[in-house]
Amino acid sequence: MASVSFEHVRKDFGTATVVHDFDLHVANGEFVVLVGGSGCGKSTILRMLAGLEDITSGNVRIGEREVTHLPPRERDVAMVFQDYALYPHLTARENISLGLRLRKIPKAEIARRVQWAAELLELQPFLDRKPKKMSGGQRQRIAMGRAIVREPAVFLFDEPLSNLDAHLRGQMRHEIARLQRRVGTTTLYVTHDQVEAMTLADRLVVLEGGRIQQVGRPIDVYKAPANQFVAGFIGTPPMNFLDGQLERDKDELVFVSDALRFPLAAERRPHHAVDSNERVTLGVRPEDLTLTDTAGPATILGQLVLAEVLGATTHLHVEVGGRRLIAAIPSGPSPAAGAPISLSIDTRQLHFFASDGSSLLLGSNNS
Amino acid sequence: MRRAVFYVVLALAAVAFLYPFLWMAATTFKSPAEVGGLSLIPDQPTLDNYRLMWARAPFGRALLNSLFVATTITFSVLVFGSAAAYALARLNFPGRGILNAVTIAVLLVPAQLTLIPTYTLIVQLGWVDSYAGLIAPFVFNATAILILRQFFMQVPRSLMDSARLDGMGELRILFTVFWPLAKAPLAMVGIFTFMGAWNEVLWPLLVVRDEQLMTLPQLLTVFSLGGGAGPRQLATKLAAAMVLVVPVVAAYIFLQRFFIESMASTGIKG
C-alpha cells in the first residue's frame, strides 16, 4: 500500500495536449474516483500511472518511489479493465495466478492467495472454467481476483462496470466498495457514471478537457460545485441554468431575468463583490424546485411539456420562455401536459456562476 | 429437384478432380502391360514400381531432406513472421510506417526477379550444396507478416496492457498471449508455407547438385527428366510422385480438421 502523487503531469498526443498540468495527491488507502465525459483525459491519467502511457512531462510517485519512467511491471500496480482483459485460453485460476507465477512467487503462496481471492470474491465454482464459459459479472470478478492476488500498492479500475447490465452493475459496485474496504488498498477508479462516482469515492476528481475542474468529497462537489461544468455534470437530472443579472436594490442583491426577479437570501450571496448589472447564470437543482399555487417572488411560470413518473419521484419538464427546466418532485397527482404550471425556487439552495463559468459562491458555503 | 441437380454437378466435379489422382495411385500398382489403361483397379497388383524407384534413386533420403527443409522454413516463417508482425502491428518505434510500406512493396516484386541475385548471394556465401542454401532464402515471408499483422492489430489493447502489468516482456506477450489467440492465422500461414516449401522445385534445382541433398520434388524431376526411371517407365515415375504427394495429402486431411477447429475457437469476445 502506498500514496500516489501526480506532480505537474502533462500528456501530449502529437500536437494535442490531452492532460494539462495534472496535480493530485492520493493518500494511502484512499479511494479516488476520476470522473468526466469521454475524452476528458481520465483514462490517460490512469494509464500514465500504470506505465502504459509515456508521460510527456511531470512526475509520478507511488509512495516514496518515483515511477515516472519505470515499466509497468516495476510499478506494483494492478489494473482492472472495462473489457476484463482475461487471457481467453487460460482458465480462471490460471488467469488469476499468472502474474504471480511470472514473479516467481512460491507455489504454496500462490495457492494460498488464489484461495483467499476465490473466497473473498466467491469464485470457487468457476475457477477451472475458461472466460468464454462465464458471464460478464463472473469475468469481472476474475479480473478483480487477478488484481487483488498481486497485493499491489495501488489498484486501478478503468470503467470496470461499463459492460455490465444495470442490475449487475449495482451489485458489482457494492462488491468493489466492500473489497476495497476489506483490503484497504489505495485505489484510483475511472468512470463516466455519476452513481459510481458518488457512491464509491472518498474523493472525487472531476475532469474536463484534460484539466481538473474540482476535487473534493462527493457531497461537497454536489453541494458546492466549483464551476458551471461541474454543476451540470454531477447530478441527475442535471442542474437547471437561467441567465440573468444581479442588481443592487438598496441593501439587497436582486436576481433579474426575463421570467424572474427576486432578492437573494443572505447565505447565497456571492462572497466577493459583484458589479451591478453583471451577467450571471443562476443554477437550480431539479429537487430545489417545487410545485406551488401561490405566486411569490421566486416563482417561475411555465408550461408543462412532459411528466416522467419514475416511481417515488416525478420529473417535470417545464418550458419557461423558450428554455427547458426540469423539476424533480415527489410523485402525486400532476398537471396534464400543456397545462400552465408554477414552480417555486428554494432560494436557500441557489448557485451562481460568473460569465467564465466559475462559481460565485465557492468559499462562502461549503456545507 | 434443384438440390438433386446441385449434387449431380458436385459429384461430376468431384470425379473430374479425383479421377486423375486415383488413376495415378492405381497405375503405380500396375504391371507394365496394364499401365496405359483407364481402369482404376489393377488386375495383378504389384509393388515392383516402388521397388524399382527406391533402388534407382535415394528417395528415402530425399523424403527426409524435404521434411527437414520444409519444416525448418515453416517454423522460421512462423516465428520470425509473427515477431515482425507483432512489432509492426503493436509497437511504436520510429520508421514503423516505412517498414510496413517496404513489407507490402516486397509482395510486388515477382520471385523470378530476385532469383538470380539471390543465387549469386548464396554462391558468394558458399552455401551451394547445403541445407543453408535451401532454407535461408525462405525464412522470412512478407505475406505471412502481413496476414499475421492484420490479425495482431485486432487483439484488444487491454490484453497487452494486462500482460505488461502482469510482468511480461514483448516476446513473452507474443508467444504466450498472441500465439494462442492466433491459432487460425498461424495454422493457415503454416499450411501454405509448408506446401510452398514442400513443392518447391526451381530453387533446389539451382543450388543443389549433390544427390544426397536433393529434395523430393527436385529428385523426382531429375529422376523423370534425366531418364533415371528408364524409357517408358511411367508407373515408376508415378510411384515417385506418390511419395511426394501422399505426405501432403495426409497432412492436409489431418490439418484441415485442426484448421476448422481453430477457426471456430478464435472468438476473442465471448
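**Strands, core and a helix in a predicted model**

User: Over how many bridges do strand 14 of chain A and strand 20 (residues 351-353) of chain A pair?

Analyst: In this predicted model, strand 14 and strand 20 of chain A run in the antiparallel sense. One of their bridges joins A:Thr281 to A:Phe353 in strand 20. The number of bridges in this pairing is three.

User: Which residue in strand 14 of chain A is the bridge partner of A:Gln245?

Analyst: Strand 14 of chain A covers residues 278-284 and also pairs with strand 11 (residues 240-249) of chain A, antiparallel and over seven bridges. The partner of A:Gln245 lies in strand 14, and that residue is A:Arg279.

User: Which residues touch the most other members of the largest nonpolar core?

Analyst: This core holds 153 residues. Its largest share, 12 residues, comes from helix 3 (residues 59-90) of chain B. A:Leu156 has contacts beyond its neighbours within four places in sequence, including A:Leu46, A:Val77 and A:Met79. The residues that touch the most other members are A:Val33, A:Leu49, A:Leu156 and A:Leu188.

User: What percentage of the contacts in chain A between residues at least 6 apart in sequence join residues at least 24 apart?

Analyst: Chain A has eight helices and 20 strands, and 40% of its 367 residues count as buried. For contacts between residues at least 6 apart in its sequence, the share joining residues at least 24 apart is 67%.

User: How far does helix 10 (residues 183-199) of chain B reach from its first C-alpha to its last?

Analyst: Helix 10 of chain B has 17 residues. Among them, B:Leu186, B:Val189 and B:Phe194 are buried.

Definitions and conventions: Residues are numbered from 1 along each chain as its sequence is written. Chains are lettered from A and ligands numbered from 1 in the order in which they are written. This is a predicted model: local features need pLDDT of at least 70, side-chain atom pairs count only at pLDDT 80 or more; totals for chains, interfaces and linings use all residues. A nonpolar core is a set of buried Ala, Val, Leu, Ile, Met, Phe, Trp, Tyr and Cys residues joined through C-beta atoms within 7 Å. A residue is buried if 20 or more other C-beta atoms lie within 10 Å of its own, exposed if 12 or fewer, and partly exposed in between; C-beta atoms are placed from the backbone. Helices (H or I, at least four residues) and strands (E, at least two) are DSSP runs, numbered from the N terminus. Two residues are in contact if their C-beta atoms, placed from the backbone, lie within 7 Å. The expected span of a helix is 1.5 Å times one less than its number of residues. Two strands pair if DSSP finds at least two bridges between them.
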